[in-house]
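Hi,

Here's the model I said I'd pass along.

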Amino acid sequence: MERIPILKMGPFLLVTIQIDLYDRLALTLENDLINMVSQTGARGVLIDISTVSIVDSFMGRILGNIASMSRIMDAETVVVGMQPAVAITLVELGLTLQGVYTALNVEKGMELLNNKLGDNLELDDEEEEDQDDRND
Amino acid sequence: MIVMTKDTMEIVREQDVVPFRNRVREFGTRIGMSLVNQTKLITAASELVRNMLKYASGGKVILEVISLNAKTGIRLTFKDEGPGIADIALAMRDGFSTGRSLGLGLPGAKRLVNEFDLKSNPGEGTTVTVIHWKHGR
Ligand SMILES: Nc1ncnc2c1ncn2[C@@H]1O[C@H](COP(=O)(O)OP(=O)(O)OP(=O)(O)O)[C@@H](O)[C@H]1O
Ligand SMILES: [Mg+2]
C-alpha cells in the first residue's frame, strides 16, 4: 500500500506531502502520524504542504484531526509552506484550521516548535518548583 | 453563450477525484486562468464531487469552456441521481450537515465561484452548476 514517509528529527516528526492526497492515503497518514507520536513521544509534528495545490474541507479536517489528537498526546502541530493561492481559497471556503499552527517554511516551523517546547519546559520547571515550595 | 470545449467525466469512486481535479486544472490552464482562480474553482469542484460520492454514490460532471460577452470561463455541471435535497436553503447554510461533517461544502463552494446554481428534487437527484470566469469576475 502507498504511504507517506514520516521522518523523525529529534523530538519532532516531519512529513512532506508531495502529491495530491486521495482520501485513503490521507486517512492512512493520519493514523500513521498518531501512532508514531504515541510510540516516539514526539513533542511536535511538522507537515510540509508546500507542493500541495488543493486543500479542501476533507483535507482540512485531516489536518485538524492530526493536530487535536497530537495535542492530546502532548505534541503541537505546525503546517508549513502553504501556497498563497491555497491560503486565500481556504479563507473564502470558510475553513479554519483549528488547533493548527502555520509557518512559512520548515525552518520557521521548527523554530516555532522549539519555542513551544521551551515554554513548556519552563512551565514544567515552575510546577516542580511549586511542589518543592510546598514540600518545604 | 458559446460552448468551446466539452468533456464529461464519471465520478463513481474516491479514486476518480484526483484525475477529475487535474482535468479541471487543464481546462483552467488552457484558457489562461490565473492560479488563484484555478485554485478556487478546483477547491469548489472538489467539494461538489465529494458530496456526489458521499450522498449520491457518484454521478457525472460536464466540463465546458464557455464564452459570454467576450468573457471566457469554465462551467462545471455536477449531476447525480441520488436522494436529492429536500430543503435547499438549509443545505446551503454554513454548518449544516447530515453527514456529521463541517457543513462547509455547499456554502463554501458557492463563495468560491462566480456563479452557483443548485437544483434538486427529492427522489430524483441533484444538479449543481458553477461558472468561474478566467479573471474571477
Ligand atoms: N449531491 C447531494 N445529494 C444529496 N444530498 C446532498 C448532496 N450534496 C449535499 N447534500 C446535503 O447537503 C448537506 C450540506 O452539504 P455540505 O457539502 O455543505 O456539507 P457536508 O458535506 O455535510 O460537510 P462538508 O462538505 O463540510 O464535509 C449535506 O450534509 C447533505 O445532507
Ligand atoms: Mg460536503
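Some housekeeping. This is a predicted model, so to speak of local features I need pLDDT of at least 70, side-chain atom pairs count only at pLDDT 80 or more, and totals for chains, interfaces and linings use all residues. Residues are numbered from 1 along each chain as its sequence is written, chains are lettered from A and ligands numbered from 1 in the order in which they are written, and side-chain values use heavy atoms, with hydrogens and water left out.

**The interface**

With contact meaning heavy atoms within 4.5 Å, 20 residues of chain A touch 22 residues of chain B. The two chains bury about 2000 Å² between them, 54% of it on carbon and sulfur atoms; buried area is the accessible area (1.4 Å probe) that two parts lose on being put together, summed over both.

Now the charges. One of the pairs is Asp56(A) with Arg21(B), at 3.7 Å from N to O. Asp56(A) sits in the loop between β3 and α2 of chain A and Arg21(B) in helix α1 (residues 17–30) of chain B, so this pair joins two chains. Another is Arg24(A) with Glu14(B), whose closest N and O atoms are 3.4 Å apart.

Which elements of chain A give two or more residues to the side that touches chain B? They are α1 (23–40), α2 (57–72) and α3 (84–93) of chain A, where helices (H or I, at least four residues) and strands (E, at least two) are DSSP runs, numbered from the N terminus. The largest share, six residues, comes from α3(A). By class, that side of chain A has 10 nonpolar, four polar and six charged residues; Ala, Val, Leu, Ile, Met, Phe, Trp, Tyr, Cys and Pro count as nonpolar, Asp, Glu, Lys and Arg as charged, and the others, Gly among them, as polar.

**Chain A**

Chain A has an open sheet of five strands in the order β1-β2-β3-β4-β5, with mixed pairing; two strands pair if DSSP finds at least two bridges between them. β1 (6–9) and β5 (101–103) of chain A are at the edges with a single partner strand each, so one side of each has no neighbour in the sheet. β1(A) and β2(A) pair in the antiparallel sense over four bridges, and Met9(A) has Phe12(A) as its bridge partner in β2(A). Their hairpin has two residues between the strands, and Gly10(A) takes a positive phi near 60 degrees there. By contrast in sense, β2 (residues 12–16) and β3 (residues 44–48) of chain A are parallel over five bridges, with Val45(A) in β3(A) as the bridge partner of Leu13(A).

**Chain B**

The open sheet of chain B also has five strands, in the order β1-β2-β3-β5-β4, and its pairing is antiparallel. β3 (residues 71–80) and β5 (residues 125–133) of chain B pair over eight bridges, Leu76(B) having Val130(B) as its partner in β5(B).

Cheers

Key: A salt bridge is a side-chain nitrogen of Lys or Arg within 4 Å of a carboxyl oxygen of Asp or Glu.
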